[in-house]
Amino acid sequence: MQVSVDGFVACTGGEPDWLQWSGDAGLIDYVSGITKNVDYILTDQDFEDLGWQNSETGKARFVKEIFKLKKETGGDIIVCGGNGFVASLIKEGLIDEYHFFINPAALGKGMAMSQSIGLKKNLKLVSARPFECGVVLLFYKPE
Amino acid sequence: MRKVIASINVSLDSFMSGPNCELDWHFERWGPDLAQSFCEQLSHADTILLGRVTYCAMAQYWPQKAQDLSFPREDIAFADMMNNHTKVVFSGTLTRPVWTNSKLVNGNLETEILNLKQQPGKDIIIYGSGKLITSLVELGGLIDEFVLWVHPVILGKGKPLFKHLPNSLCLKLVKTDTFRSGVVMLDYKPVTNSEN
């Protein structure tokens, strides 16, 4: 998840100007590393495209699909985005790793990370890694 | 000129406290290495700037901690500095600050801060004080460093850092540090227009 220092999430569809991706080889390498073994990348755009919207039934159906996907053999699944569907997965304990990319900007407004997560959750820090461009990766697992 | 440093504990989703000012999640992750880092930062300062809410909470907590024999030894040094440093509290409603070495200020914020910065002395630290920090960011250029202590917890709701910031603030990462309990320190400087 791409976030600002004050906890706002970058949503898919239009790269916001505060994201610090471009040209940082270390960061690009890291992202390639975590996406190398991935079969599925699901964003909030996919979620909307499926017409499930942000309804309880939509979320429940999504959780069920992810649960099925997890049981299959194969690569990892990445979920990214902010409109609340990630919260359903966290609630069900379906997330195994959290990678937060903290961008060096405070926005004051936007889509709050808390809104997409929606509940109190203790995590366990695995590693923290600063990159040249000023982004800090915070890698957590569920406690 | 003296530096003004905002030193703020935040949850991973950038809340400074729970909705009713709950700070239990701070205490759960406090430990000797974190205490040492806080002590070092505070030892480079001689003045603490606070808004009314944070001031009142701290004024109730720290004076008795210096006398508490069950308090861990490494924390006593911190408690002593909290009690002995000059506290400058910005409030239009507080009438009588009771904590030792406190000074009440209710004039023009910008003038007061510039005045403080120009006086000789060590760094000036701001703890918590969300409203005060947002006002200083809005006035522009008054905070020289933002040190965020990011705790490994998502709170879901609470008092946000930089509430109602009218313009976004670009920062430059200076350094990071990691603590045993999973707290990560992120040290930033604001990017001035000439650097853009």
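This is a predicted model: local features need pLDDT of at least 70, side-chain atom pairs count only at pLDDT 80 or more; totals for chains, interfaces and linings use all residues.
I started with the interface: chain A and chain B bury about 2300 Å² between them, 64% of it on carbon and sulfur atoms. Buried area here is the accessible area (1.4 Å probe) that two parts lose on being put together, summed over both.

Residues are numbered from 1 along each chain as its sequence is written, chains are lettered from A and ligands numbered from 1 in the order written, and side-chain values use heavy atoms, leaving out hydrogens and water.

**The contact**

Counting residues in contact (heavy atoms within 4.5 Å), I got 26 from chain A and 30 from chain B. I looked for salt bridges between chain A and chain B and the count was 0; the rule wants a side-chain nitrogen of Lys or Arg within 4 Å of a carboxyl oxygen of Asp or Glu. Polar contacts did turn up: 6 residue pairs across the interface, both residues at pLDDT 80 or more. For those, a pair of N or O atoms must lie within 3.5 Å; within protein, one must be able to donate a hydrogen and the other to accept it, and residues adjacent in sequence count only if both atoms are side-chain atoms.

Which element gives the most to the side of chain A that touches chain B? I found β8(A) there, with 6 residues. Helices (H or I, at least four residues) and strands (E, at least two) are DSSP runs, numbered from the N terminus. I sorted the residues on that side of chain A into 17 nonpolar, 5 polar and 4 charged. For that sorting, Ala, Val, Leu, Ile, Met, Phe, Trp, Tyr, Cys and Pro are nonpolar, Asp, Glu, Lys and Arg charged, and the others, Gly among them, polar.

**Strands**

Strands pair if DSSP finds at least two bridges between them. Within chain A, β8(A) pairs with β9(A) in the antiparallel sense over 7 bridges, and A:P130 stands opposite A:V136. The two form a hairpin with 5 residues between them, and A:G134 in the turn has a positive phi of about 100°.

Next I traced an open sheet of 9 strands with mixed pairing, in the order β6(A)-β10(B)-β11(B)-β7(B)-β1(B)-β6(B)-β3(B)-β4(B)-β5(B). β6 of chain A and β5 of chain B stand at the edges with a single partner strand each, so one side of each has no neighbour in the sheet. At the β5(B) end, 4 bridges join it in parallel to β4(B), residues 86–90, with B:K87 partnering B:S102.

**Last look**

I counted 7 salt bridges over all chains. One of them joins B:R2 to B:D46, with the closest N and O atoms 2.6 Å apart.
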